[in-house]
Amino acid sequence: MQAMSLDQVRAVAPSVFAMSPHSSRSERYAYIPTVDVLNGLEREGFRVVKASQSRTRIPGKSDFTKHMLRLRHESTVDELPSLGGVVPEIVLKNSHDGTSCYQLLGAMFRFICLNGMVVADSLIGSLKVQHSGDVTSKVIEGSFEVLKNTGKAIDAAKSWAEIELSDDESLAFATAAHTVRFGEEDTTINPVRLLAARRQDDVGHDLWRTFNRVQENVIKGGLQGLNTEGTRRVSSRAVRGIDGDIRLNTALWQLAESMAALKA
């Protein structure tokens with residue numbers, strides 16, 4: 001995945017470039033444009049590799065909604081590292097309508113499935129920056145700190161690759177992930193479907209590959225089941241919302257951490 005230009009970012013996430021806050025914000029709201037922070041990050045060698053923003057049904061609010069940027073440092077943009085092609089990233093979330101402060105999270109991207117993960121902040125930490133003071137400097141400093149700590153996530157993934165799971169343990173992991181994804185939602189999608197491999201490289205019983213299969217199936221959707229009446233087939237939806245993406249990814253990472261701790 002190549003770095004995005006500012007024009008490419010603007011095409012998919014115009015709220016990054018809002019030059020004023022939404023009209024709902026009071027005079028006490030300190031406005032710091034995301035594009036100013038992004039320019040500061042780019043001067044320090046960070047490059048955007050994915051951008052998105054939330055949808056809204058409120059007229060005139062689409063240019064101010066919550067947005068998310070995934071960034072890599074220039075030293076890793078064109079690399080294809082080991083461990084199934086995993087590269088560290090940082091996730092930057094913000095809005096200009098008051099629904100989010102600046103938030104930084106550690107992340108990883110897996111080239112083999114073009115899938116982004118978010119690492120639980122219990123492992124490498126996260127940073128929230130309110131809309132006040134020198135936000136750009138705080139975000140840049142925090143980005144380097146989070147990026148430095150993503151090495152812990154790579155180490156965790158390597159250790160998970162050495163942990164073999166039994167069939168019962170794999171199913172227990174998938175069942176917990178099923179609850180995280182669907183909650184009390186009435187679904188006939190069997191948890192065992194979360195364990196299905198979408199490529200040969202993901203076939204195996206170790207925790208790392210089990211986690212990857214479950215995470216991809218949860219986030220990308222397309223799992224087949226029946227409706228509540230049992231009369232027609234339905235498919236699970238892909239997770240596209242920013243908050244849902246982050247919440248599910250961090251929860252799945254925490255599940256894998258718990259399984260690793262139990263096996264230890």
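Over the ring of which residue does the charged end of Arg10 sit? The residue is Phe17, and the charged end of Arg10 lies 4.1 Å from the centre of that ring. A charge sits over a ring if NZ of Lys or CZ of Arg is within 6 Å of the ring centre and within 35 degrees of the ring normal. Arg72 is likewise placed over the face of Phe109, at 4.9 Å from the ring centre.

This is a predicted model, in which local features need pLDDT of at least 70 and side-chain atom pairs count only at pLDDT 80 or more, while totals for chains, interfaces and linings use all residues. Residues are numbered from 1 along each chain as its sequence is written, and side-chain values use heavy atoms, with hydrogens and water left out.

I turn now to the ring pairs. The structure holds six aromatic pairs; rings of Phe, Tyr and Trp (its six-membered ring) pair if their centres lie within 6.5 Å, with planes under 30 degrees apart counted as stacked, over 60 as edge-to-face and the rest as tilted. Among them, Trp160 and Trp208 have ring centres 6.4 Å apart and planes at 45°, so this pair is tilted. Trp160 belongs to helix H5 (residues 135-160) and Trp208 to helix H7 (residues 207-220), 48 residues apart. Trp160 is buried at 2% relative accessibility, and Trp208 is buried at 4%, where buried means under 20% relative accessible area (1.4 Å probe, protein chains only).

Phe211 and Trp253 form an edge-to-face pair, 5.6 Å centre to centre with 90° between the planes. Both residues are buried. Finally, ring pairs join Trp160, Trp208, Phe211 and Trp253 into a cluster.

How values were computed:
Helices (H or I, at least four residues) and strands (E, at least two) are DSSP runs, numbered from the N terminus. Buried means under 20% relative accessible area, exposed over 50%, partly exposed in between (1.4 Å probe, protein chains only).
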